Amino acid sequence: MALVQGAAPAAVALLAWKAPLSRRFSASLSSASLMLVAAMVVNISGTIEAHFLFFILVPVVALYEDWAPLATASILVLGHHAIMGVALPTAVYNHDAAHDDPLTWSLIHSALFLAMCATSIVHWTIHERARRDGSMLLAQLASQALHDPLTGLANRTLLNDRLSQALIMSQRTGTPVMVLTVDIDGFKPVNDSYGHAAGDTLLIELARRLESCIRAGDTAARHGGDEFTLLLPGTPPEEAPAMAERVMAAVSSPVFLLGVEMQMSVSIGIALSSPGLSSELLLQEADQAMYAAKHNGRGGYMVFDKTLAAGTLGTLAVHPDHARAWAAYTHDLRSEIASAKELGLIPEQSRGPETVRRTLESVVAAIEQLPEGQQPAGLALPERNALEEFVFHHDLVQHWADTLRLDSIIEVQRSPEADEFWRTLHQTVIKDANDLVDDDGDAVHADSSPS
């Protein structure tokens, strides 16, 4: 009897193991063979333990993330039950003499099995729905980690990743990568006059218009605040003017906010990759070109070139220890302000423009490159207009920090060395712009070391 009933699961298992079947069909047959073995044990022994085995195995098979194994196994077990119950004598099929009607006994077992299958299908459905919801949640979290929550555009992390990949591909193909930095002209008065909700609406509309200007495979990103970046791989330099004009035309259409018709304009800086140029420097060049466009009257564009760099960049001779003391103070200040915001001691809205933040990071990065030692060293300065905006804004921040310290909201305090560095940088910026670079394009140095 065991050999007769065991032939079916053995054949099914052998087929699943040896036959060149798909993974899904092979899994179906494997689970079916296990359930046939369980059915065989129930039929032969008729014990309570065997029935428990059957009850346990059916839900286990239902845990497959596919309906095919359960359906295949159900059909085979029902067929096996019916065939064996009718074809074999009662004494062979079951030892219980009370059941002298094989067909009735087979139907009872089949009905019981169908009930278990129905229960298992419900369990599988719940499991599948939970798995699907979990997958959707993971996909949503992954998208939020790489996209700006307000506009839906790529954020800084995704932009840097795609820019790095584009530069690697550019080295292989020889085609340049074009980057456009787009900054709204006069965005702060919109927030001040109409509120942050109106400002957010304006940003969302600008993001939609920027997306309409780019191709599939290009990237539109929001760096933060009112500054956006367009990444255009494989774009030749001669297309830069046309691209800038396309963006300005898309932006120029009126925007209606709170029943008021508003006209937007943007300043655009364009930079093109060159061999050996890093992604950070490429973005910095686009920023410099954008500030130059604003300096020329706003509502226009500027393409970065070496002439622009020579006319806007300078070098400041500083004492490395003084510069590092100021960088350390600034780092501690930002950390304590962030902690105070989390505690509700400072309004969350008290944050500076994104352009100032990026200039601060570029200055700190330049300080990190200074050599060790007591001798003055050259500190590379950002673009002139960006530096002027940064010094003006950060001067206010430092005075505000002094007030917060007096009110015991923060504890960080500037050292004399940090004050010396900031005083030198401040005095350099407020001088006439021509003092930074002479007529020959050479940097003029101002020593911040002790006299």
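## Structural report on a predicted model

At 8% relative accessibility, Tyr291 counts as buried, where buried means under 20% relative accessible area, exposed over 50%, and partly exposed in between (1.4 Å probe, protein chains only). The structure is a predicted model, in which local features need pLDDT of at least 70, side-chain atom pairs count only at pLDDT 80 or more, and totals for chains, interfaces and linings use all residues. Residues are numbered from 1 along each chain as its sequence is written, and side-chain values use heavy atoms, with hydrogens and water left out.

Tyr291 is found in helix H11; helices (H or I, at least four residues) and strands (E, at least two) are DSSP runs, numbered from the N terminus. Between Tyr291 and Met302 there are eleven residues of sequence separation, and their C-alpha atoms lie 8.7 Å apart in space. Strand E7 (residues 301–303) contains Val303, a residue that is partly exposed, with a relative accessible area of 28%. The C-alpha atom of Val303 is separated by 6.0 Å from that of Ala289, and the two residues are 14 residues apart along the chain.

A further pair involves helix H2 (residues 23–45), where Ser30 lies. Ser30 counts as partly exposed at 30% relative accessibility. A distance of 8.8 Å separates the C-alpha atoms of Ser30 and Leu15, which are 15 residues apart along the chain.

**The second largest pocket**

The second largest pocket has a volume of about 460 Å³. On a 1 Å grid over the protein atoms alone, a pocket is an open set of points where a 1.4 Å probe fits, with protein on both sides within 12 Å along at least five of seven lines; lining residues have an atom within 4 Å of a point. Grid points are joined across faces, edges and corners, and the volume is the space filled by probe spheres set on the points.

Of the 21 residues that line this second largest pocket, Glu280, Gln284, Asp287, Arg358 and Ser362 are the closest to its centre. Two or more lining residues are given by each of helix H7 (156–173), helix H11 (279–295) and helix H14 (354–368). H11 supplies the largest share of the lining, eight residues. By residue class, the lining of the second largest pocket divides into five nonpolar, nine polar and seven charged residues. In this classification, Ala, Val, Leu, Ile, Met, Phe, Trp, Tyr, Cys and Pro count as nonpolar, Asp, Glu, Lys and Arg as charged, and the others, Gly among them, as polar.

**Salt bridges**

A salt bridge is a side-chain nitrogen of Lys or Arg within 4 Å of a carboxyl oxygen of Asp or Glu. By this rule the count comes to seven salt bridges. The table includes three of them.

| Salt bridge | Closest N to O distance |
|---|---|
| Asp402 and Arg414 | 3.2 Å |

Glu205, Arg208 and Arg209 are linked in a network of salt bridges. Glu205 and Arg208 are separated by about one helical turn because they are three residues apart in helix H9 (residues 196–211). Arg209 is four residues from Glu205 in helix H9, about one turn of the helix. Both Glu205 and Arg209 are buried, with Glu205 at 19% relative accessibility.

The salt bridge of Arg414 with Asp402 has its closest N and O atoms 3.2 Å apart. Arg414 lies in the loop between H15 and H16 and Asp402 in helix H15, so the pair ties together parts that are twelve residues apart in sequence. Arg414 is buried at 19% relative accessibility, whereas Asp402 is partly exposed, with a relative accessible area of 23%.

**Backbone and surface**

The loop between helix H15 (384–406) and helix H16 (416–430) also holds Ser408. Most residues other than glycine have a negative phi. Ser408, although not a glycine, has a positive phi of about 65 degrees. With 65% relative accessibility, Ser408 counts as exposed.

On the surface, Leu137, Leu138 and Leu141 form a nonpolar patch with about 300 Å² of accessible area together. Such patches are made of residues with over 30% relative accessible area and no salt bridge, nonpolar side chains (Val, Leu, Ile, Met, Phe, Trp, Tyr) being joined within 5 Å and like charges within 9 Å. Accessible areas come from the Shrake-Rupley method with a 1.4 Å probe, and for residues only the protein chains shown count as cover. Leu138 is placed in helix H6 (residues 102–146) and is exposed, with a relative accessible area of 59%.
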